[in-house]
Amino acid sequence: MPSSLPRPPVDLPIRRLTRDDLVPCADLSEDRGWPRDEHRWGLLLTAGTAYGIDDPEGKGLMASCVVTSYGPEDAAVGMMLVAGRHARKGIARYLMHAVIESTGGAALSLHATDAGRPLYEQLGFEAVGRTDRMSGLFRPGAAPERDAGDGGAVRVRPASAGDLPDILRLDTRATGLDRTQLLARLPAFADHLRVAEENGALVGYGALWPSAQSHALGPLVARDTATAKLLVASLAGATDRPLRADIDARHTDLLAWLGAHGLEPGAPTTLMTLGGTRQPGDRERYFAPLSVATG
């Protein structure tokens with residue numbers, strides 16, 4: 001480990017995590033009061049680069065962190081977890097320094113909890129936005145209205161294999177990133193993947209995937225808020241589980257609509273960046289990430 005890294009109280013080797021570490025990663029999530037989410041961990045461990053520190057006493061993982069790269073210049077950081085019995089010992093700072101160095105100067109983004117934000121600010125991250133969590137049982141009502149467009153009727157349907165190129169184009173326009181290595185796994189990862197179509201052209205897509213006793217909504221990318229509502233209503237109708245969605249806070253109309261349909265606000269996270277405050281792409285079209293861990 002480079003000598004410039006801050007030293008924790010004892011020597012703690014950092015290693016790459018693999019799918020063989022899925023259960024210890026889920027155990028670490030549970031230790032911190034999060035859902036185990038083995039399904040999500042399986043995606044993160046294959047689509048991203050995960051780092052971990054083993055507990056010297058043989059009690060599983062002491063800490064974890066995952067980097068999901070979107071080309072050589074951009075990456076998202078997530079799942080920065082330290083076991084409760086090892087909290088406040090400088091381990092998170094130690095691991096984050098190593099993770100930052102491993103990315104070779106790429107612009108980094110992450111979603112910080114209120115507890116984690118002071119550390120990230122000390123490391124040079126700057127707040128650029130907020131994500132609001134909404135969760136609960138979705139109560140269907142009248143069909144959401146669609147903003148006036150060019151006259152075509154928008155319909156939502158299950159995605160097919162042939163839709164992936166158009167989904168990738170929609171996503172790249174919204175995020176400014178090439179997220180092929182993540183989204184190519186979405187059909188197998190999600191329980192439901194749906195697209196919004198108008199006059200034969202895709203104008204949005206969304207997915208629903210299992211998380212503990214809930215279904216998590218994301219990613220959600222759409223031309224406008226009305227299209228996003230159509231996708232949410234369609235996906236919500238496909239499950240009887242509670243929904244969870246992390247919505248970009250700038251989309252106040254969608255947040256209010258979700259509240260009117262039974263979802264309650266939870267703990268927000270702060271979107272932070274290192275290496276520039278830019279957010280590439282047309283973020284007015286980006287309503288929700290697949291997970292805050294993937295950006």
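Visitor: What takes a positive phi just after helix 5?

Guide: Just after helix 5, G176 takes a positive phi of about 75 degrees, a helix being a DSSP run of H or I of at least four residues, numbered from the N terminus. This is a predicted model, in which local features need pLDDT of at least 70, side-chain atom pairs count only at pLDDT 80 or more, and totals for chains, interfaces and linings use all residues. Residues are numbered from 1 along each chain as its sequence is written, and side-chain values use heavy atoms, without hydrogens and water.

Visitor: Which residues of helix 5 are buried, and which are exposed on the other side?

Guide: Buried (under 20% relative accessible area, 1.4 Å probe, protein chains only) are I167, L168, L170, D171, A174 and T175, whereas R169 and R173 on the other side are exposed (over 50%).

Visitor: Why are the buried residues of helix 5 said to line one face?

Guide: Seen down the axis of helix 5, these residues fall within an arc of 160 degrees, taken from the directions from the axis to the C-beta atoms, so they line one face of the helix. Among what covers them are helix 6 (180-183) and strand 9 (201-211), a strand being a DSSP run of E of at least two residues.

Visitor: What describes the packing of helix 8 and helix 9?

Guide: The axes of helix 8 (residues 225-236) and helix 9 (residues 252-260), lines fitted to C-alpha atoms over the stretch in contact, come within 10 Å and cross at roughly 30 degrees. Their contact (heavy atoms within 4.5 Å) involves residues including A228 and V232 of helix 8 and W257 of helix 9.

Conventions. Axes fitted to C-alpha atoms, helices over the stretch in contact; angles between N-to-C directions.
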